[in-house]
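Q: Please take a close look at one part of this structure, the aromatic side chains, and then connect that part to the rest of the chain and to the ligand.

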Amino acid sequence: MNIATWVPGDLAARFGPDPEAMFRQNLASVRERIDAACRRAGRDPESVRLLPISKTVPAQMLRHAFAAGIDRFGENKIQEAQAKQEALADLPVAWSIVGHLQSNKVRQLTRFAVEFHALDSLKLAALLDARLAAEGRSLDVYVQVNTSGEESKYGLQPDALRAFVEALPDFPRLRPRGLMTLALFSDEMERVRPCFRLLRRLRDEAVKLHPGLSELSMGMSGDFEAAIEEGADVVRVGQAIFGKRPTANGLYWPGLAPG
Ligand SMILES: *Cc1c(COP(=O)(O)O)cnc(C)c1O
């Protein structure tokens, strides 16, 4: 056996004997589903960006993902992202942070992340801006909105968005790109779609106040096709590419039932 492609037992149980082939195949099938959703919605498939979410996937497996054509990884937790970034520093890959950030982790993020999808407070905006200025760089950001009304979800309340957007020019190192949301967790798309529609309406208002806020980051493995039909520009897809996660969702979204 070739040691370079050897997969230890516990990882083989999760990722199969040939992770690169599995990721390549899953990626192709997700891309096909994105294209089909775009066709249904009369949209250009090129207009939807797929952001692969690699949380819980070990760094050595991400080497196989890179070989399968993935060169940007989205992570929910900054410590995990930083460890993987260091482990893969020899590869030309970029890192997106998509989960809630504590203010004491700002410095870690600005060291290596190229975009942040969970901006949800002015305090965090100010800390990020100051840190970015000190490092002489800027950062693409999406403003997270709570569209499901669930207390477990991070994000601004919809009625707080206007004041937030009006304050964004105070932070010149942040490059606002759009709005982000986590929809209701449900298999019934008719209950999920109203979250996407709300984010779209909020974006239509926000972009009048700040022209940078033009994109919608919404849709995950369970709902990205509906999100695209409702206007998503960025879909954040993990499990449909990397396989089912062994960890409970409650680890990432406090308050959710495990599972
Ligand atoms: C994990 C995660 C996703 C992807 O979820 P999947 O079910 O794996 O597709 C999307 N967005 C955020 C913020 C996440 O933490």
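A: Phe15, Phe23 and Phe242 form one aromatic cluster in this predicted model. By the pairing rule applied here, the count comes to three aromatic pairs. A pair of aromatic rings is described by the distance of the centres and the angle of the planes. For phenylalanine 23 and phenylalanine 242, the distance is 5.3 Å centre to centre and the angle between the planes is 75°, an arrangement that is edge-to-face. The label follows from the cut-off, because planes over 60 degrees apart count as edge-to-face. This pair links distant parts of the chain: phenylalanine 23 belongs to helix H2 (residues 19-41) and phenylalanine 242 to helix H10 (residues 239-242), and the two are 219 residues apart. Both phenylalanine 23 and phenylalanine 242 are buried.

A further aromatic pair consists of phenylalanine 73 and tryptophan 95, with 5.4 Å centre to centre and 35° between the planes, and this pair is tilted. Here strands are joined rather than helices: phenylalanine 73 is in strand E2 (residues 72-75), tryptophan 95 is in strand E3 (residues 94-97), and 22 residues separate them. Phenylalanine 73 is buried, as is tryptophan 95.

The setting of these pairs is the chain as a whole. The chain contains ten helices and eight strands. Its C-alpha trace spans about 60 × 45 × 35 Å along the principal axes. For 259 residues, a compact globule would have a radius of gyration near 18 Å; the chain has 18 Å, so the value agrees with that expectation. Of the 259 residues, 53% count as buried.

Valine 234 is found in strand E8 (residues 234-237), and it counts as buried because its relative accessibility is 0%. Between valine 234 and methionine 180 there are 9.0 Å in space, C-alpha to C-alpha, although the two are 54 residues apart in sequence. Leucine 139 lies in strand E5 (residues 139-144), and its relative accessible area of 0% is why leucine 139 is buried. Leucine 139 and glutamine 60 are 79 residues apart in sequence, and their C-alpha atoms are 27 Å apart in space.

Helix H3 (residues 59-67) also has buried residues, namely Ala59, Met61, Leu62, His64 and Ala65. Just after H3, glycine 69 takes a positive phi of about 110°. Most residues other than glycine have a negative phi. Against that background, threonine 56 deserves attention: its phi is near 75°, a positive value in a residue other than glycine. Threonine 56 lies in the loop between strand E1 (49-52) and H3. With a relative accessible area of 16%, threonine 56 is buried, because the limit for that word is under 20%.

The ligand may now be considered. It is surrounded by 14 residues, and the closest are Lys55, Asn76, Ser221, Gln239 and Arg245. The residues of this shell divide into seven nonpolar, four polar and three charged. An N or O atom in the side chain of serine 221 is 2.5 Å from an oxygen atom of the ligand. A polar side-chain atom of arginine 236 is 2.9 Å from a nitrogen atom of the ligand. In glycine 238, a backbone N or O atom lies 2.8 Å from an oxygen atom of the ligand. Taken alone, the ligand exposes 390 Å², and the protein buries 97% of that area.

Serine 221 counts as buried because its relative accessibility is 19%, and the cut-off is under 20%. Besides its contact with the ligand, the side chain of serine 221 has a polar atom 3.2 Å from the backbone nitrogen of glutamine 239. Glutamine 239 and serine 221 are both among the closest residues to the ligand. Helix H10 spans residues 239-242 and holds phenylalanine 242, which returns the description to the aromatic cluster of Phe15, Phe23 and Phe242.

Definitions and conventions: Residues are numbered from 1 along each chain as its sequence is written. This is a predicted model: local features need pLDDT of at least 70, side-chain atom pairs count only at pLDDT 80 or more; totals for chains, interfaces and linings use all residues. Side-chain values use heavy atoms; hydrogens and water are left out. A residue is near a molecule or strand if one of its heavy atoms lies within 4 Å of it. A polar contact is a pair of N or O atoms within 3.5 Å; within protein, one must be able to donate a hydrogen and the other to accept it, and residues adjacent in sequence count only if both atoms are side-chain atoms. Accessible areas come from the Shrake-Rupley method with a 1.4 Å probe; for residues, only the protein chains shown count as cover. Ala, Val, Leu, Ile, Met, Phe, Trp, Tyr, Cys and Pro count as nonpolar, Asp, Glu, Lys and Arg as charged, and the others, Gly among them, as polar. Rings of Phe, Tyr and Trp (its six-membered ring) pair if their centres lie within 6.5 Å; planes under 30 degrees apart count as stacked, over 60 as edge-to-face and the rest as tilted. Helices (H or I, at least four residues) and strands (E, at least two) are DSSP runs, numbered from the N terminus. Buried means under 20% relative accessible area, exposed over 50%, partly exposed in between (1.4 Å probe, protein chains only). The radius of gyration is taken over C-alpha atoms; the globule rule is 2.2 Å times the number of residues to the power 0.38.
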